[in-house]
Amino acid sequence: MIRRPTGELAVFDWSFMGDGALGEDIGNYIPDAVFDLFWPAEQLPELADTCVSNYLDGLYEAGWRGDADQVRLAVMASGVKYAWLLPGLLSRASDTTHSAYHRAVDTQQLFHQRGQAFLFIANWCAEALTQVRR
C-alpha cells in the first residue's frame, strides 16, 4: 500500500505478477469478479467501463502515451482465454455441490451468473474481431 501525493491510498497486489500484454491483467479481473461471484453479472458493463477507464487513467498518470483503443481491444481480446472454462463448468453441471472462490455456492446462482459472464465475454471477443478487421 502506498500513499499518493494527493493523499489517496493505492493498494498493489503482486501475488500473480508476471509478464502479460497491456490490458490483459484488467481483462482477467473483470470476468473473474463475476466468475468468483464477487460482482453481479448484471453489472458487468458498468464494471468493465469503470475498470478500463481507471486502468487508462493509471497508464496516463504513469506517463504512458499510447492509443486507448488498443488497450480496450486488448482487454476485450483477452476473453478468448476463457474458452476452456465453459466445457469445464458444463462437465460439472450434475455435481451435487458447487463452489466459487473456495466457498460453497448456490448452483443456480453460479450457473446463471457465469452464463451471463460468458455471454459478455463472447460479445467482447466479437467486438475485438470487428476492431481487428477494420
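Q: In what order do the elements of the protein run from the N terminus on?
A: This is a predicted model, where local features need pLDDT of at least 70, side-chain atom pairs count only at pLDDT 80 or more, and totals for chains, interfaces and linings use all residues. Residues are numbered from 1 along each chain as its sequence is written, and side-chain values use heavy atoms, with hydrogens and water left out. Helices (H or I, at least four residues) and strands (E, at least two) are DSSP runs numbered from the N terminus, and the protein has 5 helices and 4 strands. From the N terminus on, these elements run β-β-α-α-α-α-β-β-α.

Q: What share of the residues of the protein counts as buried?
A: Let's take the overall extent to begin with: the C-alpha trace spans about 50 × 40 × 25 Å along its principal axes. Buried means under 20% relative accessible area, exposed over 50% and partly exposed in between, with a 1.4 Å probe and protein chains only. Of the 134 residues, the buried share is 33%.

Q: What percentage of the contacts with a separation of 6 or more joins residues 24 or more positions apart?
A: A contact here means heavy atoms within 4.5 Å. Among the contacts in the protein with a separation of 6 or more, residues 24 or more positions apart account for 63%.

Q: Is H2 parallel or oblique to H5?
A: Helix H2 (residues 44–61) and helix H5 (residues 107–133) pack at an angle of about 50 degrees, with their axes 11 Å apart; axes are lines fitted to C-alpha atoms, for helices over the stretch in contact, and angles run from 0 to 180 degrees between N-to-C directions. Angles under 35 degrees count as roughly parallel, over 145 as roughly antiparallel, 65 to 115 as roughly perpendicular, and the rest as oblique. That is why H2 is, relative to H5, oblique.

Q: Which class of residue makes up the contact of H2 with H5?
A: H2 brings Leu44, Pro45 and Ala48, while H5 brings Ala117, Phe120 and Trp124. Ala, Val, Leu, Ile, Met, Phe, Trp, Tyr, Cys and Pro count as nonpolar, Asp, Glu, Lys and Arg as charged, and the others, Gly among them, as polar. With no polar and no charged residues, the contact has 6 that are nonpolar.

Q: How far apart are the end C-alpha atoms of H5?
A: The expected span of a helix is 1.5 Å times one less than its number of residues. H5 has 27 residues and should span 39 Å, which agrees with the distance between its end C-alpha atoms, 39 Å.

Q: Which residue at the start of H5 has its backbone nitrogen reached by a side-chain oxygen of Asp106?
A: A polar contact is a pair of N or O atoms within 3.5 Å; within protein, one must be able to donate a hydrogen and the other to accept it, and residues adjacent in sequence count only if both atoms are side-chain atoms. Here a side-chain oxygen of Asp106 comes to within 3.3 Å of the backbone nitrogen of Gln108.

Q: With which side chain does the side chain of His98 make a polar contact?
A: His98 sits in strand E3 and is buried, because its relative accessible area is 8%. Its side chain reaches the backbone oxygen of Arg92 at 2.8 Å. At 2.9 Å, the side chain of His98 also makes a polar contact with that of Thr107.

Q: What is the relative accessible area of His102?
A: Most residues other than glycine have a negative phi. In the loop between E3 and E4, Tyr101 has a positive phi of about 50 degrees. His102 is found in that loop too, with a positive phi near 70 degrees. His102 counts as exposed because its relative accessible area is 78%.

Q: Which residue with a positive phi follows H1?
A: H1 has 12 residues and reaches 17 Å from its first C-alpha to its last, close to the 16 Å expected. Its buried residues include Ile26, Ile30 and Val34, and their cover includes H2, H3, H4, E3 and H5. With phi near 60 degrees, the residue that follows H1 is Leu37.
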